[in-house]
Amino acid sequence: MPHHTTALRLVAPVAVLALSLTACGGGDNADAKSPATEKAKVFPSPEPTSGGEMGSGESATGKVDEDPGKVTYEILAQKVDVGTEAEAAKAVSEPDKVKGKVLATAYLKYTHKSGPALTDGADVHDGTTVFADGQRGTVLIGASEDAAGCEDPYDVDSWKQGESHVFCETYVIPANAKNVEVHWSEEDGEPYIWKFPNG
């Protein structure tokens, strides 16, 4: 699907599973030959985790399989601009489909931390979604490219370690939503979540 055309793509709501991490407990093991072995059984090394709620201004770190290889990024959801119902109606070809809805544009700053330099666009923004009051919004293709301060990820033809770019994602959300969340996740990973009050 071309990314330069503005079209409304309906996406089915996605349930988000919250995994709670619990401390590992262990029972007595009379057969353990060494205290170090017993300690390792009771307190195993923690598994690296991804995802969770982020504070305002707090960055996440994630890896993305880019062409030509795996890149580690620092990701920061900077802000969400929420528009009006009239702006939403003008932005789509079928205004009736967005009655009672507004556009929410999420601004994310991505910093290339390690991995190969990119020479032909980036896919890091593919992990971004916008939720309103716990429900996933509907992505609006092509709307973000004209927003002030937003770059087109497909136009990035040179991205080296240490450099940053701001990519935006625009979603259609209910006009009366109280909270807007920006989610970003690695492929098959739990999302990092930044919350922004609406209004």
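How many helices and strands does the protein have? The model, which is a predicted one, contains two helices and eleven strands (helices are DSSP runs of H or I with at least four residues, strands are runs of E with at least two, and both are numbered from the N terminus). Followed along the sequence, these elements give the pattern β-α-β-β-β-α-β-β-β-β-β-β-β. Residues are numbered from 1 along each chain as its sequence is written, and side-chain values use heavy atoms, with hydrogens and water left out. Because the model is predicted, local features need pLDDT of at least 70 and side-chain atom pairs count only at pLDDT 80 or more, while totals for chains, interfaces and linings use all residues.

Of the 199 residues, 36% count as buried (buried means under 20% relative accessible area, exposed over 50%, and partly exposed in between, with a 1.4 Å probe and protein chains only). The protein exposes about 11800 Å², and carbon and sulfur atoms supply 50% of this area (Shrake-Rupley method with a 1.4 Å probe; for residues, only the protein chains shown count as cover). Among contacts between residues at least 6 apart in sequence, 72% join residues at least 24 apart (a contact means heavy atoms within 4.5 Å).

Turning to the strands, five of them form an open sheet with mixed pairing, in the order β2-β11-β10-β6-β7 (two strands pair if DSSP finds at least two bridges between them). Strands β2 and β7 (135-136) stand at the edges with a single partner strand each, so one side of each is left without a neighbour in the sheet. Strands β2 and β11 run parallel and are joined by three bridges. Within this pairing, glycine 52 has tyrosine 192 of β11 as its bridge partner.

The model holds six salt bridges (a side-chain nitrogen of Lys or Arg within 4 Å of a carboxyl oxygen of Asp or Glu). One of them is formed by the side chains of lysine 195 and glutamate 53, at 3.3 Å from N to O. This pair links distant parts of the chain, with lysine 195 in strand β11 (residues 192-197) and glutamate 53 in strand β2 (residues 52-54), 142 residues apart. Lysine 195 also forms a salt bridge with glutamate 181, where the closest N and O atoms are 3.9 Å apart. Glutamate 181 lies in strand β10 (residues 179-184) and lysine 195 in strand β11, so this pair ties together parts that are 14 residues apart in sequence.

Lysine 195 counts as partly exposed because its relative accessibility is 46%. Glutamate 53 has a relative accessible area of 57%, so this residue is exposed, whereas glutamate 181 is buried at 14%. Another salt bridge brings together the side chains of glutamate 94 and lysine 97, at 3.8 Å from N to O. Here glutamate 94 is partly exposed at 45%, and lysine 97 counts as partly exposed at 49%.

With a relative accessibility of 2%, threonine 170 counts as buried. The side chain of threonine 170 makes a polar contact of 2.9 Å with that of threonine 105 (a pair of N or O atoms within 3.5 Å; within protein, one must be able to donate a hydrogen and the other to accept it, and residues adjacent in sequence count only if both atoms are side-chain atoms).
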